[in-house]
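Colleague: Let us go through this model together. I will ask, you answer.

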Amino acid sequence: MYEIYKSKLNLSVKINKTAKLNLEQQIASKIKTDSKSFFSYVNSKKKSFHQVGPIKDENGLVVSDNKEIAQKLNKYFGSVFSTETVSNIDESVSVFNGDVMQPLDTLEITETIVLNKLVNININKSQGPDTIHGRLLYELREELKKPLCIIYNKSLSSGNIPLDWKMADVIPIFKKGHKQNKENYRPVSLTSIVCKILETIIKDCVVSFLETNNLIDDSQHGFIKGKSCLSNLLDFFEILTKQIDQGKCVDVIFLDFSKAFDKVPHNKLRKKLRDHGIRGNIENWINGWLSGRQQRVVIEGEHSNWIPVTSGVPQGSVLGPVLFIIYINDINYQIKSKLNKFADDCKVMGEVSNLVDKDIIQHDLDELYNWSVKWQMPFNIEKCSIMHFGTKNPHFQYNIGNKILKESDEEKDLGVLIDPSLKFSK
């Protein structure tokens, strides 16, 4: 009996090794088209992961208990929400022409659409506070397509969103810096997968509408079909290197929003949606989905109390990124300089040879700052910086909100990347 067991064991080990090798070869062969799966697999093999905390509280004392850390982080995440004034909402740029375009005001969801989303659901995604896992939805897809279709259409037509769909478990993701600082964690929301399916259906409809009517400015490269961080980089470098090759000097200002996704004011966002032709049931549903939200921070099974979410679009949601790019779509409406956006990352570029060029860039920075104040999307000026390109660059100073921009520490490194012979005057 032992010999039979040993033989079976050796065979199973051999089969497992072969299957693992085939999987790794398959993932590696698709790295150009599916890099996400490659890096997910690599990360899953790491023996150590970043844990949350310990952190320092308001008094500088170190907190190491997970539940207390969750409370402190949730309090901090809630402190960055905007307090919106709804009595007088400013006019925004109306990119939607109602005379020649039909608004997006309704959507009919069919069982086929729901089934297609259930078939393609990612069963490895974490469940939300409602504890309904993606595996369950996938395995019962045939049984669930009809009831979910009814629920989705009812929710859209009435504008009512179940409370479970507005609850989020927030996972703190460490960014960089010191792990004891609360500011160095990014909140990522785990929400109901059932709701995410409906979000995906609405997002597909909204994105198709925006693309068909060419409503998103060409400067935006984030979350747009056919564009990416690569297209953003190529568009930027093509112009920059061309001007440098011609012996011109160029100044590039990198702008950073402060807690961008958490700051979006809901009523102002609704105004922007209408100015992009998103109205009727879809506008009402999005407004209902954003209002009355609650969140708690979860760390290794320990969780904080629930707090209300009064602004922002949830990081980790399906609709959030699309709503954000709609919100900042008109930021460069009065800008003369070249401006590139990738989601919330913006950079302004302009040729500089004299004071007139400098004044143009400064005027654009003033316009951007005024926009940020008007729409309650403040810049983190400490993280905004400038790079001067060109051997004869005059190194003009610029300011945002009366604060002088600092020069980037990476200026020399980026210069060598563009052209090893490029020299920077200091």
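Colleague: Is Lys175 buried, partly exposed or exposed?

Modeller: This is a predicted model, where local features need pLDDT of at least 70, side-chain atom pairs count only at pLDDT 80 or more, and totals for chains, interfaces and linings use all residues. Residues are numbered from 1 along each chain as its sequence is written, and side-chain values use heavy atoms, with hydrogens and water left out. Buried means under 20% relative accessible area and exposed over 50%, with partly exposed in between (1.4 Å probe, protein chains only). Lys175 has a relative accessible area of 32%, so Lys175 is partly exposed.

Colleague: Where does Lys175 sit?

Modeller: Strands are DSSP runs of E, at least two residues, and helices are runs of H or I, at least four, numbered from the N terminus. Lys175 lies in the loop between β3 (167–174) and β4 (185–190).

Colleague: Which residue forms a salt bridge with Arg296?

Modeller: A salt bridge puts a side-chain nitrogen of Lys or Arg within 4 Å of a carboxyl oxygen of Asp or Glu. For Arg296, the closest N and O atoms are 2.7 Å apart, and the partner is Asp169. The pair links distant parts of the chain, strand β6 (residues 293–299) and strand β3, 127 residues apart.

Colleague: Is Glu283 buried or exposed?

Modeller: The side chains of Glu283 and Arg270 meet in a salt bridge (2.7 Å, N to O). Arg270 is partly exposed, at 27% relative accessibility. Glu283 has a relative accessible area of 3%, so Glu283 is buried.
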